[in-house]
Amino acid sequence: MPSIRPVATLSVLLVATLAAAGCAGPDVSSDINHPASPANTDNKTTKTETSYPIVTESTLTYWLQTPTTLKPSINEVPFFQEWQQRVGVPVSFVEVSPTQAKESFSVMLASGQLPDIIEYNWQSGLPGGPEKALQDGYILRLNELIDEHAPNLKRYLAAHPEIDKLVKTDNGDYYVFPFLKEGGMTTQWEGPALRKDWLAELNLSVPTTIDEWHTVLTAFKEEKNASAPLTILNAPNALQGFLNGAFIGAYGINRGFYIDEQQVQFGPLQPGYRQFLETMSQWYKEGLIDSSFTQTDRKAQDANIVGGNSGATIASGAGFDKWTHALAEHDSTAGFVFAPYPVLTPGETPKFGQEAWMYGAEASAAISASTKHPELAVQLLDYAYSEEGYLFFNYGTEGLSYTLENGEPALTELIRNNPDNLSYLEALGLYTHTVNPGPYVASKALIGSLAATGEDHNYDRWKTDNLKHVLPPVSISAEEASEYARIMADINTLVDETSLKIILGTETIQAYDELAEMLDVLQIGRALEIQQAAYDRFLER
Amino acid sequence: MKGMFPAAGSSLKARLTKDFKRHKWLYLMALPVIAYYAVFQYSPLFGAVIAFQHYTPMKGVWGSDWAGLEHFRTFIGSYYFWRLVRNTILLSLYALLFEFTAPILLALLLHEVRSRTMRTVAQTIAYMPYFVSLIVVCGIVKELTRSGGPLNLVVLNLFGGEGQDLLQQPEMFRGIYVMSEIWQRAGWEAIIYLAALTTIHPHQYEAARIDGASRWRQIRSITLPGLLPTITIMLILRLGYMMDVGYEKILLLYNPVIYETADVISTFVYRKGLLDNDWSFSSAIGLFNSAINLVLLVTANYISRRINGNSLW
């Protein structure tokens, strides 16, 4: 079992949850990423408006991952108390630790005893995704319930057809109250960055190509005595740091499935993957990559950066803000500068990077098929998509955590300068839902205002063509789900193992050729076929 | 004692009734134990039926479709089958060779310590690690073996190399695993041998000394034969869960780079069942593992009974 490691601060939590969002699923056509506004009120099509608070005797059970470690229980978090009050439905929460969510979720499903509402990634969280979950009878198809009892969500989806397309299965079934994003920093928040003061001292400019990166990292090692010039997060997955396309994307490929001209491809099958492994292996040999990089979790990454062992990494903007503060305690000149995702030849647009879909399926609330109160559950969840709910989930309670100034919400001193010495992210975690994903629409304006932006922290530098190439949240059909899951489990083990061995130098690059052959034996062809069919169905939605 | 064993002529039912009446309090006392075994040990066995199904919790054990032996065939034909079996068996064998013998040696050493205080102190220190939580133990192991960690430096100085994290090197894993097992368990497991040693009568040693036997000779001719029945029983018990190598520890220590030596059947079951939700498949693998365990146990018991008359049944 993965070790139980309490999440240190909420800023870390933000990074973690946003990063989790990143793996969930990126985009196909960039027009999907137009900034969206909260529910439009001029499009009233549903007649059954719910008046909150609802008066009810029933209690709903709600399964979710612990949103904050600042309070011993979610019942003591002001946001969750206020939510129940506003909606008028008492909720009994079942909290699980984020590090154990996967096991807990599996055990819960296997027990057959499901809470009324389950907040999880129903897309990638279980083999077969939503179609299988509906078919196996875990969760309810929500189409009729949304029509009748969820006017706010219905209105939002009607106003945003491009999101509506994402939150349905191929059959047109709605299965969750989704976690939605409005673009901007809610969908793009991660990329490479380097120590600005080191670059300045060594008279180097921000690297853009793989070769320039090599020069910079070598200089960090030799001139700044950095023991691990480039540190990369590698938990929970062995190649986590590369999964969003940093470095590997320079070779025109990604670690998993992606799209090239409407064709689904698998990165490790491409010649680019061999080049990527060769380069990383060389870097590792030269001591440019953290020598314990397969064991680098968040704690180790923090230690590397704050301890001055590393001058470059890939992380979320919030992560760099945090490290800047930590470094500033000893060295006021220390700071980071964001670098574009590296490419091979100067001037190229990076093909892959972290940019998420506006719906990535994480932390979205499904209603269990065994619930006795489906309407009530729908009404509880629909509140978040109303105008009032949008303000409440993002900014909290008016007069407490925000005030309206000229019609625009502004965070109060309670958040910005907390009397109990909480950081603003920690305070937001108590009074709003902002730092955690969940069934609501995350405000682009709010998230954008939280990060330190500027010349060095320029999020636009992280722009890539990612959304043209990364698979959208497609759904594998229920019939093919377990076959696909089994094929990919073996393949992923083999790819991770071989890749790491080559990078670490345990095996030579020749092992890649065997890998490519073995992938055929393990039926990668069949997996590609299944993904292609899923993608084609997605395009027809 | 008359009446304890009823006359052989009466029927089984009559004998049982009579026995029950006579010892009803004893039967009552046994009831919780029987209930415990029925509820927690035997009734879960029924769940193994999902290994032959395409189990879906919402359809339940009665409603799920049957798969026959499909899952077993898939497992045996799978790419990782031989590696898993090999790793499981090798890791168990190493554990058996070193971790099983360590407490015996420790008990012998402690037994030879003359000073009572010294012996108590040594014994207490030796079994202390047993009470340290596994997560903490694995944290310690990771710290010791990481690049720049104390154990890593020892290896670096003795054997050379690049000082890479030891848990990134497949050939190191078995050694690290077995050593941490010994550190954790040897002291605790030595207790049972120490208890057995106290049953050897001091007169035997006295007589041996008078005959001029050296300390070494005494160990060989008195202590070891005295321990042998205990060792045999412990060995048989041990073989019964031989294939269940301590998977929790492996899960906490391993990573894909060392799957080659560290991935065993039970960790595979964990990944399939709890991470991939493939419950039926993982039950089938678990059942396969248990079947091997059963065969090992029965064989060991048979051999032991043939060789020295000690056996579980």
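This is a predicted model: local features need pLDDT of at least 70, side-chain atom pairs count only at pLDDT 80 or more; totals for chains, interfaces and linings use all residues.
## Contact between the domains of chain B

By class, the side of domain 1 of chain B that touches domain 2 of chain B comprises six nonpolar and two polar residues, and no charged residues.

The domain assignment of chain B places domain 1 at 12-66, whereas domain 2 is made up of 81-132 + 167-308. Eight residues from domain 1 of chain B and five residues from domain 2 of chain B take part in the contact. The C-alpha centres of these two domains of chain B are 31 Å apart.

## Buried area within chain B

Domain 1 of chain B and domain 2 of chain B bury about 490 Å² between them, and carbon and sulfur atoms give 74% of this area. On the side of domain 1 of chain B, 63% of the area buried against domain 2 of chain B is supplied by Ile50(B), Ala51(B) and Tyr55(B), more than by any other three residues.

Thr56(B) lies in the loop between β1 (53-54) and α3 (60-63) of chain B. Thr56(B) counts as buried because its relative accessibility is 6%, and the cut-off for buried is under 20%. Leaving aside neighbours within four places in sequence, Thr56(B) is in contact with Asp136(A) and Tyr138(A) of chain A and with Ser64(B) of chain B.

## Interface of chain A and chain B

The size of an interface is often given as the accessible area lost when the parts come together. Between chain A and chain B, the buried area is about 3,200 Å², of which carbon and sulfur atoms give 54%. The contact involves 39 residues from chain A and 36 residues from chain B.

Three salt bridges are counted between chain A and chain B. Glu260(B) forms a salt bridge with Lys501(A), in which the closest N and O atoms are 2.3 Å apart. Ten residue pairs are in polar contact between chain A and chain B, with both residues at pLDDT 80 or more.

## The chain A side

Two elements of chain A, α3 (101-111) and α20 (481-504), each give two or more residues to the side of chain A that touches chain B. α20(A) gives the most to this side, with ten residues. By class, the residues of the side of chain A that touches chain B are 20 nonpolar, eleven polar and eight charged.

Terms used:
Residues are numbered from 1 along each chain as its sequence is written. Chains are lettered from A and ligands numbered from 1 in the order in which they are written. Side-chain values use heavy atoms; hydrogens and water are left out. Domain bounds come from an automatic or database domain assignment. Contact means heavy atoms within 4.5 Å. Buried area is the accessible area (1.4 Å probe) that two parts lose on being put together, summed over both. Ala, Val, Leu, Ile, Met, Phe, Trp, Tyr, Cys and Pro count as nonpolar, Asp, Glu, Lys and Arg as charged, and the others, Gly among them, as polar. Helices (H or I, at least four residues) and strands (E, at least two) are DSSP runs, numbered from the N terminus. Buried means under 20% relative accessible area, exposed over 50%, partly exposed in between (1.4 Å probe, protein chains only). A salt bridge is a side-chain nitrogen of Lys or Arg within 4 Å of a carboxyl oxygen of Asp or Glu. A polar contact is a pair of N or O atoms within 3.5 Å; within protein, one must be able to donate a hydrogen and the other to accept it, and residues adjacent in sequence count only if both atoms are side-chain atoms.
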